[in-house]
Amino acid sequence: MPAPSRANAVRLVALLVVVSLLAPSAVSALTYDPADETSLERGTITSAANNSTVISVQGFTFRGNTNAKKPARLVSVDERGNLEWTHDDNVGGNAWFFDVDPMPNGNLLVSSPRAGDTVLFELDPDTQERVWQQRFNMTDTHDVAYLGDDRIAIANMRQWNESAGRSDDRVVVYNRSSEEFTWEWYFRNHYPESTDGGYSSDWTHVNDVDQIGEDRLLLSPRNFDQAIVVDMETKEIVERLGSDDDYSVMREQHNPDWLVSEEGNPTILVADSENNRVVEYAKEDGEWVRTWEVGSNTLTWPRDADRLPNGNTLVTDTLNHRVMEITPTGEVVWEYYATWGPYDAERMGTGPESSGPTIRDMNASGRYPITGSANLTAGGNESVGFDGRIRATFADTPIEGPMNEFATRWAHVTPWLRPVWMSGWDFAWAIGAVLVGAVWASGELIAGRRTILAGGRRLVAAVRRRADR
């Protein structure tokens, strides 16, 4: 076959491959009906909740532009999963919503980053009006805690000191009455600079601060893979669960809660986000022991877990876009779907964090799957997603570890990037088309370069022949 014919055949094959890989996305785009999209919808309800549930929905904003299909908002749902109200706004810039905490007076304390700052406000859920609001020069604040007497603890992440070339990530207490910071605690004073690979603009990613008693705070430096308790008077770390890069304990966790068993054992319930599970640890004989694990094959990036007074656990399953109340053995009894990317969920009347018994107290220690979910569209209806297929394909092979890592990265990153009408598999095929197209384009450039060089050499030879005549 002549060279031009071979080249054209290769081009035709490459074109067919690219078109075939893009076809599923094209079909999804043409057949997508927004009316079929699960945005706010009740899931499994086999047992009515004992009060309303308020959910903060993070949404997706990039460079000040909010994706209308991935909205940020607060959502209130009644005992049987009926929508009560939603609250959204873009006052002072497009908003994210992270922490939402019930206050003693029944109002809600909300942390809402926007336009590089953080707006804290107290929201009256009955009137949907703000009692007060305060804007801080703090980037991306995920969590705050009301300490009483107008004092608010703030987890100040991404506090990069450009002039000093260091992280000033910290936790502070702000007094609304005096309008000043009355207490501060810097991570760099208690961790070596080498932690998590060294200082960066997002060194700790401290995403949680909770009050324990009168003078202690539970903190969650996510990037350090640990939860710590700080004594506010001495400023010393007095308890620590996990250690940097020990993913067997926790991996980039969110929202740990402090419990104490009937026997007096300290207990931590935590959304172990990057391990796609919820776990509970009890400190027994001076050692932290894992007493409970749920959801490792079901959850996708959970970011909140609260133990309720009835012994069930309220779980925010972020990238399945749902909130679930599950029993100690993992059965879903209450479920609500809230796109896009719920962050925090609070059952009204139970306080801002966990208020129920430990797993040990309920004699329910163990590892359980999550069962009984409605698995609606908002949760991703694919029977086996692309990440699941990767894990299954490379299980028990020499490269199982790195492929599982790739699958985890894929599951946690691509949902933020792909359009809402595109499934995970559609997105995978589309990326395949881009890669094939890139190889094809590179081949054409190389072939074109060779043709140009060959033409140049012929031209030089012709010029020399003329010169020799």
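**View 1. H321 is buried, with a relative accessible area of 7%.** Buried means under 20% relative accessible area, exposed over 50%, and partly exposed in between, with a 1.4 Å probe and protein chains only. H321 has a phi near 55°, a positive value in a residue other than glycine. The loop between β26 (313-317) and β27 (322-326) holds H321. Strands (E, at least two residues) and helices (H or I, at least four) are DSSP runs, numbered from the N terminus. The model is predicted: local features need pLDDT of at least 70, side-chain atom pairs count only at pLDDT 80 or more, and totals for chains, interfaces and linings use all residues. Residues are numbered from 1 along each chain as its sequence is written, and side-chain values use heavy atoms, leaving out hydrogens and water.

**View 2. E179 lies in the loop between β15 and β16.** E179 is not a glycine, yet its phi is positive, about 55°. At 60% relative accessibility, E179 counts as exposed.

**View 3. A cis peptide bond runs from T339 to W340.** Its omega is near 15°. W340 sits in the loop between β28 (332-338) and β29 (342-347).

**View 4. The largest nonpolar core has 20 residues.** Such a core is a set of buried Ala, Val, Leu, Ile, Met, Phe, Trp, Tyr and Cys residues joined through side-chain atoms within 4.5 Å. W183, F187, L217 and L219 touch the most other members. At least two core residues come from each of β11 (144-148), β12 (151-156), β15 (170-175), β16 (180-186), β17 (206-212), β18 (216-221) and β19 (226-231). Leaving aside residues up to four places away in sequence, W183 touches V171, V172, V173, L217, V230, M232 and K235. Contact here means heavy atoms within 4.5 Å. Another core, of 14 residues, lies apart from the largest one; V278, W292, A305 and I370 are among its members.

**View 5. Strands β7-β8-β9-β10 form, in that order, an open antiparallel sheet.** Strands pair if DSSP finds at least two bridges between them. β7 (100-102) and β10 (129-136) are the edge strands, each pairing on one side only. From one strand to the next, the twist averages 20°. Axes for such angles are lines fitted to C-alpha atoms, for helices over the stretch in contact, and angles run from 0 to 180 degrees between N-to-C directions. β8 (residues 108-114) and β9 (residues 117-124) are antiparallel partners over seven bridges. V110 stands opposite F121 in β9.

**View 6. Residues 427-448 are 100% helix and 0% strand.** The end C-alpha atoms of this span lie 31 Å apart.
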